[in-house]
Amino acid sequence: MSNYRRVFVSGACYFFTVVTWRRTPIFIDEQRVEIFRQAIRKVMQTRPFHIDAMVILPEHLHCIWSMPDGDCDFSSRWREIKKATSRQIDTVTNTRNERLVWQRRFWEHAIRDEDDWRRHMDYIHYNPVKHGLAQRPGDWPWSSFASAVKKGWYDASWGAQAPTTITDMDCE
């Protein structure tokens with residue numbers, strides 16, 4: 001049994017890695033990605049949070065959320081997002097009445113400061129290139145990179161080479 005303990009800080013910013021069941025490539029087209037996006041929007045209506053960055057790859061995703069002041073319950077939000085997505089993608093259940101779309105858990109990291117936030121932003125946006133799915137971050141359709149460029153956080157040509165800020169990071 002793991003000794004892992006989640007860190008809950010009200011109003012904090014968190015980086016997440018969420019993986020599909022046995023790394024099955026689930027998010028392979030716009031329709032399935034949109035199902036996931038709708039699930040997020042549905043949960044945000046009743047349990048608000050802000051998405052700073054996100055990338056959706058076929059078998060996993062990474063994102064950074066900022067939680068509202070006085071709230072640190074990201075776990076129930078992920079549970080509801082996963083449930084809503086799973087209901088739309090797979091109707092078959094196992095003996096535990098689970099749809100085999102997601103791994104049971106997820107990995108989170110409490111963002112410590114602006115440098116930590118920046119490194120995780122870079123990790124998210126470079127991830128499709130790292131996995132050989134795109135030549136540049138801007139080429140991947142299911143990423144917040146274009147939005148980050150519009151906000152002035154990145155130059156559109158960023159990521160043509162592996163960023164040195166993430167060489168020691170492995171959040172898979």
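# Reading a predicted fold, one residue at a time

Q: Let's start with a single residue. Which strand holds H109?
A: H109 sits in strand β4, which covers residues 107-110. Keep in mind that this is a predicted model.

Q: How do I judge whether H109 is buried or exposed?
A: The idea is to look at relative accessible area: a residue under 20% counts as buried. The relative accessible area of H109 is 12%, so H109 is buried.

Q: Which residues does H109 touch, apart from its neighbours within four places in sequence?
A: Contact is about heavy atoms coming within 4.5 Å of each other. For H109, the partners are C13, Y14, F15, D116 and H120.

Q: Now the bigger picture. How many helices and strands are in the chain?
A: The chain has four of each: four helices and four strands. If you follow the sequence, their order is β-α-β-β-α-β-α-α.

Q: What does the radius of gyration tell me about this chain?
A: Here you compare the chain with what a compact globule of its length would give. For 172 residues that value would be near 16 Å, and the chain has 16 Å, so the two agree. Along the principal axes, the C-alpha atoms fill a box of roughly 45 × 35 × 35 Å.

Q: What percentage of the residues count as buried?
A: Of the 172 residues in the chain, 46% count as buried. The chain exposes about 9500 Å², with carbon and sulfur atoms supplying 49% of that area.

Q: How can I read contacts along the sequence?
A: Take the contacts between residues at least 6 apart in sequence, then ask what share of them join residues at least 24 apart. In this chain that share is 69%.

Q: How many positive and negative side chains are there?
A: There are 25 positive and 22 negative side chains, and the centres of these two sets lie 8 Å apart.

Q: Which polar partners does the side chain of H125 have?
A: For a polar contact, look for a pair of N or O atoms within 3.5 Å. The H125 side chain reaches the backbone nitrogen of F145 at 3.5 Å, and a polar contact of 3.4 Å links it to the side chain of Y154. Beyond neighbours within four places in sequence, the contacts of H125 include A53, P137, S143, A148 and W158.

Q: What about D155: buried or exposed?
A: D155 is found in the segment after α4. A residue counts as exposed when its relative accessible area is over 50%; D155 has 52%, so D155 is exposed.

Q: Which residues does D155 meet?
A: Not counting residues up to four places away in sequence, D155 touches F145 and V149. The C-alpha atoms of D155 and F145 are separated by 9.9 Å, and the two residues are ten apart along the chain. The D155 side chain also makes a polar contact of 2.5 Å with the side chain of S157.

Terms used:
Residues numbered from 1 in each chain as written. Predicted model: local features only at pLDDT ≥ 70, side-chain atom pairs only at ≥ 80, totals over all residues. Heavy atoms only, no water. Helix = DSSP H or I, 4+ residues; strand = E, 2+ residues; numbered from the N terminus. Rg over C-alpha atoms; globule rule 2.2 N^0.38 Å. Buried < 20%, exposed > 50% of the residue type's maximum accessible area, 1.4 Å probe, protein only. Areas by Shrake-Rupley, 256 points an atom, 1.4 Å probe, with all protein chains shown as cover. Lys, Arg positive; Asp, Glu negative; His and termini not counted. Charge placed at Lys NZ, Arg CZ, Asp CG, Glu CD. Polar contact = N/O pair within 3.5 Å; in protein donor to acceptor, adjacent residues only side chain to side chain.
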